Amino acid sequence: MATHVGTSRNETGAAIETQLDEVGMAVTVALTALSQLPAGTSLNFIIFACSGIRHVFPSAAARIAKALRQNCVTFDITAGCTSLGTAVQLASRLDGTGLVVGADNLSRTISPDDPAHRPLRSFADGAAALVISHDADHGHRILAAAGQTHPAYIDAYASTMGKLRRQLPDALKDSLRQTHVSSWASITRTLLRHLPGTTALRLYANQGDQIAFAPLVEALKPLAVDIVQTTHGHAGGADPWIGLARIPPPDGGAAVLLSSGIGFHFHGVLLGAL
């Protein structure tokens, strides 16, 4: 796995990338991830995942393939900030060895002058690239994945010329917070059916949703939950994976990577040791 976060900090402390866009960050981490494989490795697929707020065209996955000099199946997916987790789930069902890359310049989607963007000032820039292989002898094993969508909130968000429009009525704010907690708790319980007897768990989640962390810990009791918090801000779908790279679970420990995306999508991936 390879990760990248913005190399500068804005006034809120969020990591912002002033030199590279989504494709630039994606190529950077993809090159690093590929360098960790034996020389001459041919990939069977490349999947690019981003929030979709900023339109990426032509296919970023194809641009990554060009940079890596690979001729393989490539495609992009967008599911808000659940895109990378969803891409990992899809990739785990494909044959061969592939690369899943997620990247977002979320800091460029908000305006400091828009009052509706005040809760989003932690938006940051980051990327992650993961090699997915059925023949891997190290790293993490993908044990399960699960997700759900609550489209009742979809009309509260839109994108115009790469800028996020947020029109979330006050009447829906508490409901959305509760939906965050209940969805993530439900997904986590579903995933843990694959690890019966688990009493302690490390969670990684979108850092922009920290308001849901404490209620989620309560909702999952008596399970002992440790939710990793990082300091780079909210870097989109790459967020949980950046946390995983920086603060991995104890040897042999399981991890759940949770994400939420405007839409409103919720997703989780359960990882175990190889």
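Helix H1 (residues 22-35) lies across S1, S4, S6 and S7. Its direction is about 145° to that of S6. Contact here means heavy atoms within 4.5 Å. Axes are lines fitted to C-alpha atoms, for helices over the stretch in contact, and angles run from 0 to 180 degrees between N-to-C directions. Helices (H or I, at least four residues) and strands (E, at least two) are DSSP runs, numbered from the N terminus. The model is predicted: local features need pLDDT of at least 70, side-chain atom pairs count only at pLDDT 80 or more, and totals for chains, interfaces and linings use all residues. Residues are numbered from 1 along each chain as its sequence is written, and side-chain values use heavy atoms, with hydrogens and water left out.

Now the sheet. Five strands form an open sheet in the order S1-S7-S6-S4-S5, with mixed pairing. Strand S1 (2-5) and S5 stand at the edges with a single partner strand each, so one side of each has no neighbour in the sheet. On average, neighbouring strands are turned by 15° against each other, direction ignored. Two strands count as paired if DSSP finds at least two bridges between them. Strands of a sheet pair through backbone hydrogen bonds, either parallel or antiparallel.

Both kinds of pairing can be followed here. Strand S6 (residues 97-105) and strand S7 (residues 125-133) run antiparallel, joined by nine bridges. Val101 has Ala129 in S7 as its bridge partner. Strand S4 (residues 45-50) and strand S5 (residues 73-78) run parallel, joined by six bridges. Ile47 is partnered by Phe75 in S5. From S4 the chain passes through helix H2 (residues 60-68) to S5, a right-handed β-α-β crossover. Right-handed means that, with the strands pointing away from the viewer, the path from the first strand over the helix to the second runs clockwise. H2 lies across S4, S5 and S6, at about 130° to S4.

Next, the charged pairs. A salt bridge is a side-chain nitrogen of Lys or Arg within 4 Å of a carboxyl oxygen of Asp or Glu. By this rule there are five salt bridges. One joins Arg54 to Glu22, with the closest N and O atoms 2.5 Å apart. Arg54 sits in the loop between S4 and H2, Glu22 in helix H1, 32 residues apart. Buried means under 20% relative accessible area, exposed over 50%, partly exposed in between (1.4 Å probe, protein chains only). Glu22 is buried at 5%, whereas Arg54 is partly exposed at 22%. Another salt bridge pairs Arg202 with Asp226 at 3.1 Å between the closest N and O atoms. Arg202 is in strand S11 and Asp226 in strand S12 (residues 224-227), so the pair ties together parts 24 residues apart in sequence.

Last comes helix H4 (residues 170-192). Its 23 residues reach 34 Å from first C-alpha to last, close to the expected 33 Å. The expected span is 1.5 Å times one less than the number of residues. Buried residues of H4 include Thr179, His180, Ser183, Trp184 and Ile187. The buried residues of H4 pack against several elements, among them strand S8 (140-149), helix H5 (213-219) and strand S14 (265-273).

Phe266 is found in strand S14. Phe266 is buried, at 2% relative accessible area. Phe266 touches residues including Thr179, His180, Ser183, Trp184 and Ile187, not counting residues up to four places away in sequence. Phe266 and Trp184 are 82 residues apart in sequence, but 6.9 Å apart in space, C-alpha to C-alpha.
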